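Let's walk through this structure together, one neighbourhood at a time. Please keep the viewer open as you read.

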Amino acid sequence: MLPPGPKLPASLQTTWFMADAPGAFESYHRKYGPIFTVRYSGFPPEVYVTTAELAEQVFRTDQGGGHAGAARRDFLEHMVGAHSVLTLDGDPWWRHRKTLNPPLRAKQVAGYHDDIAAIAAEKIATWPLDRPFPLRDRMQEITLEIIIRLIFGVTDAGRVDRLRELLPGLIETGGSMQVAMLPERLRGPLGRVPFLPYGRFLRLRAEVDALLFDEIRRRRAAPGGTDVLGRLLETELGDQEIRDELITMLIAGHETTATGLAWAFERLLRMPDILRRLPDDEPYLDAVVKEVLRVRPVVYEAPRLLDAPLRLGEYEIPAGWYAGPYIPLVHRDPAAFPAPGEFRPERFLEGHQSRAWMPFGGGRRFCVGAQLALLEMRVIIREVLSRLELTAPDQAPEGRRLKNVTLAPAKLTRVTARARTPARTT
Ligand code: HEM
């Protein structure tokens with residue numbers, strides 16, 4: 001038996017998804033319960049699950065039968081290449097994953113604490129005062145800088161500037177629907193037209209690649225360094241594989257973290273009692289970050305493409321379909337999170353952690369950058385709050401807007417910043 005789902009034609013389900021994904025999923029959940037099937041034009045059907053237990057059963061397919069890499073390949077391979085931990089599966093995936101794990105462990109990334117704080121302070125000093133601006137874009141400048149300087153390890157000012165100019169365009173064109181959904185057979189001819197999005201994307205990619213390969217060559221000639229590139233150069237990976245993993249960390253790591261930070265402020269500026277306890281209470285700050293990612297998970301799904309049928313309760317999901325948790329609803333399961341609608345950082349104090357908390361996915365494909373992301377969020381929140389007083393010009397909560405595979409605040413977290421009065425900084 002197949003899980004129930006809307007009877008609308010796939011084209012209308014796709015349109016609803018694009019117009020209001022959270023609203024569509026909430027409606028399906030109310031109507032069909034914890035597991036339902038959604039159909040998108042041009043893709044196999046996808047089964048979404050909304051409880052921790054069902055999600056775990058899907059994540060268990062990472063040991064066989066489920067392919068996270070294949071589920072992401074169509075949308076990402078043109079950017080990250082054929083040797084990325086995001087898009088590989090099986091043994092080749094593990095060969096890459098085991099080289100990325102060590103430099104991104106909590107203990108290793110803790111060494112970036114002061115550099116992250118310094119980058120944040122440098123950028124915060126350029127923010128406008130006393131007039132509203134979208135915070136998410138400013139957060140993305142910080143997280144991009146972290147990738148360029150701490151992951152890629154680029155220090156030469158000219159190269160940092162050039163990457164800062166090129167990378168946002170690369171991501172924007174590469175992530176656009178016109179490029180990501182372009183059928184393979186049209187890529188050759190359209191790629192030759194420089195003013196079309198795909199042509200522009202190819203030009204940007206070639207320029208970024210030339211810079212990265214040059215950096216890799218220079219660093220091989222002078223080994224060492226505490227950045228992630230330095231660590232990858234000590235492994236068996238070749239230049240092309242390293243290039244692919246650098247772009248992978250850029251694609252997976254900087255917009256996501258910036259959006260997490262934008263949500264943190266979108267929520268906190270509407271909760272003065274919680275804000276007052278920050279940033280000095282360190283365990284509380286950590287719990288706040290986790291609660292933000294619970295109530296506003298950045299990535300909404302973590303799908304697997306099945307190559308064998310998967311039994312979920314009374315249902316059997318056929319091979320060739322996608323299955324994955326819809327994370328915002330798993331995070332609102334009252335069995336896992338009592339009073340799920342309330343913002344209660346206390347849930348995460350004293351080491352309490354629920355299996356249902358999955359902003360970073362799960363199984364073997366659990367986000368490799370989770371520790372870095374959590375550190376960045378804590379450090380950047382602390383730097384902002386100790387320097388500026390932020391307010392929301394409009395107290396109404398911001399809605400959620402779909403941006404690639406993320407849910408971002410609809411107004412990108414509009415804030416007004418004022419310099420902190422000295423009394424509050426002591
Ligand atoms: C708040 C920030 C972030 C969020 C919410 C997030 C979320 C996720 C999620 C949901 C997945 C999919 C897991 C699954 O399929 O089960 C994932 C995978 C991944 N993330 Fe993150 N991520 C964040 C930051 C980062 C950072 C900073 C990096 C790198 C520096 C990174 C690198 C990756 C990579 C490489 C994968 C693929 C792992 C694999 O398939 O083996 N992410 N992330």
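**A guided walk through the model**

Let's begin with Arg304, whose side chain forms a salt bridge with Asp62, with 2.7 Å between the closest N and O atoms. A salt bridge here is a side-chain nitrogen of Lys or Arg within 4 Å of a carboxyl oxygen of Asp or Glu. This pair links distant parts of the chain: Arg304 sits in strand E5 (residues 304–306), while Asp62 is in the loop between helix H2 (52–59) and strand E3 (66–67), 242 residues away. Helices (H or I, at least four residues) and strands (E, at least two) are DSSP runs, numbered from the N terminus. Arg304 and Asp62 are both buried. Buried means under 20% relative accessible area, exposed means over 50%, and partly exposed lies in between, with a 1.4 Å probe and protein chains only.

Before going on, a word on what you are looking at. This is a predicted model, in which local features need pLDDT of at least 70 and side-chain atom pairs count only at pLDDT 80 or more, whereas totals for chains, interfaces and linings use all residues. Residues are numbered from 1 along each chain as its sequence is written, and side-chain values use heavy atoms, with hydrogens and water left out.

Back to the charged pairs. Side chains of opposite charge can pair when their charged atoms come close. By the rule above, the count comes to 42 salt bridges. Another of them joins Arg159 and Asp214, at 2.4 Å from N to O. Arg159 belongs to helix H8 (residues 157–175) and Asp214 to helix H11 (residues 197–221), so this pair ties together parts that are 55 residues apart in sequence. Arg159 counts as buried, because its relative accessibility is 14%. Asp214, at 25%, counts as partly exposed.

Arg149 is partly exposed, with a relative accessible area of 27%, whereas Glu145 is buried at 1%. Both also take part in a network of salt bridges that links Glu122, Lys123, Glu145, Arg149, Asp161 and Arg164.

Which protein atom is the donor to the iron atom of the ligand? The single donor from the protein is the SG atom of Cys367, 2.3 Å away. Donors are N, O and S atoms within 2.8 Å of the metal (3.2 Å for Na, K and Ca); water is not among the atoms, so sites may look incomplete. In the UniProt record, an unreviewed entry, the annotation "binding site" covers Cys367. UniProt positions are given in the numbering used here, feature names are shortened, and annotations may be inferred rather than shown by experiment.

Cys367 is found in the loop between helix H16 (327–330) and helix H17 (370–387). With a relative accessible area of 30%, Cys367 is partly exposed. Not counting residues up to four places away in sequence, Cys367 touches Arg97 and Phe360; contact means heavy atoms within 4.5 Å. The loop between H16 and H17 also holds Ser354, which is buried at 15% relative accessible area. Leaving aside neighbours within four places in sequence, Ser354 is in contact with Ala336 and Phe337.

Next, find Trp93 in helix H4 (residues 90–100). Is Trp93 buried or exposed? Trp93 is buried, with a relative accessible area of 4%. Beyond neighbours within four places in sequence, Trp93 is in contact with Val85, Leu88, Arg364 and Arg365. Although Trp93 and Arg365 are 272 residues apart in sequence, their C-alpha atoms are 9.6 Å apart in space.

Leu246, in helix H13 (residues 239–268), is another buried residue, with a relative accessible area of 1%. Leaving aside neighbours within four places in sequence, its contacts are Ile151, Phe152, Leu212, Ile216, Leu229 and Leu232. Leu246 and Phe152 are 94 residues apart along the chain, with 6.8 Å between their C-alpha atoms.

Phe75, in helix H3 (residues 68–80), counts as partly exposed at 33% relative accessibility. Together with Met18, Met177 and Met181, Phe75 forms a nonpolar patch on the surface, with about 370 Å² of accessible area in total. Patches are made of residues with over 30% relative accessible area and no salt bridge: like charges are joined within 9 Å, and nonpolar side chains (Val, Leu, Ile, Met, Phe, Trp, Tyr) within 5 Å. Accessible areas come from the Shrake-Rupley method with a 1.4 Å probe, and for residues only the protein chains shown count as cover.
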